[in-house]
Amino acid sequence: MTASAGVTNMKRFEYCEPSTVDEAVLLLSRFGSKGNIFAGGTDLLVEMREHIRRPDHVINIKKVRGLDQLAFDERAGLRCGALVTMRTIETSPVVREHYRSLASAAQELGSVQVRNRATLGGNVCRASPSADTLPPLIADQASAVLQGPEGTRLVALEDFFTGPGRTVLGGNEVLTEFRIPAPPPGTAKVYIKHGRRKAMELATVGVAVTVTIADGTFRHVRIVLGAVAPTPIRTHRAEGLLLGRAASRDLIDAAAAAAMDDARPITDVRASADYRRAMVGVLTKRALLDAIGATR
Ligand SMILES: Cc1cc2nc3c(=O)[nH]c(=O)nc-3n(C[C@H](O)[C@H](O)[C@H](O)COP(=O)(O)OP(=O)(O)OC[C@H]3O[C@@H](n4cnc5c(N)ncnc54)[C@H](O)[C@@H]3O)c2cc1C
């Protein structure tokens, strides 16, 4: 562990570099709300410069060994360390093959410079309603391993987010790893991000779809909407309409309409609530049609 002075323009802080998760947990427990984990820093540093956050202690976990590992097993699925960067995810052959929507989300995030630093753990723990990787992770039934003073617990990402910037992560817990089940045969995954610009833009609406189709029938469906509620949300009405039924144009239209009903968008600087709701319909339909096409 080392300590150094802060940076100009920011409140001074103590800088720590734990080399194990246990040590990071110990520091978090000691510092309480005055300590902050630092992974890639692409959210935290911006917030510190803008004085949105003013931690007394910054705990850089980049030197914790093992948190940047990515491993895939045909049966167990993907294990992805919290420090795996967006650039690694977007370029990983196994992620591109088995978790295509997650690879697309990573590829659409910020610029290549940002993606070289930004971590999956940071994107999830920041819990922005418009964060790109959250819809595909929830659509893929991902869970997060959280380590605290009492040991580890596994939390489904569907239950992880409680509001904008808020999660069930305890103040003395570190998110160490994601586990994502292996997709069964006949599965297709699509993520569509909609923004005003093509690059360096946060999502106005994001839609992730994971479907498994066998004999022309939906056997498994998850549709997750981003940026249209305080947290990413599943559209249970749309999923319920599709499950167990044969794919048809009318059914896809009905599912897109149901997704619009489930969205709870707000009006802000990026778009009006009405526009966002309309785009949920357009993108849900498009994502479903893409996914159906990909399973053929
Ligand atoms: C120019 C720019 C463009 C961007 N574009 C996008 C975009 O298009 N889409 C998008 O979704 N995001 C975007 N972002 C936001 C950001 O890059 C991502 O959210 C990124 O994934 C955050 O990861 P990080 O490792 O940098 O997190 P950090 O900034 O290090 O941390 C973010 C938060 O998570 C906590 N944290 C991080 N890791 C852990 C952990 N393992 N355990 C517990 N807590 C942890 C930190 O304490 C902090 O509160 C952009 C940012 C910038 C600066």
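1. Contact here means heavy atoms within 4.5 Å. Leaving aside its neighbours within four places in sequence, Leu157 is in contact with Val124, Leu137, Ile138, Ala142, Ser143, Ala144 and Phe178.

2. The model is predicted: local features need pLDDT of at least 70, side-chain atom pairs count only at pLDDT 80 or more, and totals for chains, interfaces and linings use all residues. Residues are numbered from 1 along each chain as its sequence is written, and side-chain values use heavy atoms, with hydrogens and water left out.

3. Val124 and Leu157 have the most contacts inside the largest nonpolar core, which has 36 residues. Such a core is a set of buried Ala, Val, Leu, Ile, Met, Phe, Trp, Tyr and Cys residues joined through side-chain atoms within 4.5 Å, buried being under 20% relative accessible area (1.4 Å probe, protein chains only). A second, separate core of 30 residues includes Val190, Val207, Val211 and Leu283.

4. Five strands form an open sheet in the order β4-β5-β10-β6-β7, with antiparallel pairing. Strands (E, at least two residues) and helices (H or I, at least four) are DSSP runs, numbered from the N terminus; two strands pair if DSSP finds at least two bridges between them. β4 (70-73) and β7 (151-156) stand at the edges with a single partner strand each, so one side of each is left without a neighbour in the sheet.

5. The antiparallel strands β6 and β7 are joined by six bridges; Ser143 has Ala156 in β7 as its bridge partner.

6. Helix α1 (residues 21-31) packs on the sheet and touches β6 and β10.

Key:
Buried < 20%, exposed > 50% of the residue type's maximum accessible area, 1.4 Å probe, protein only. Axes fitted to C-alpha atoms, helices over the stretch in contact; angles between N-to-C directions.
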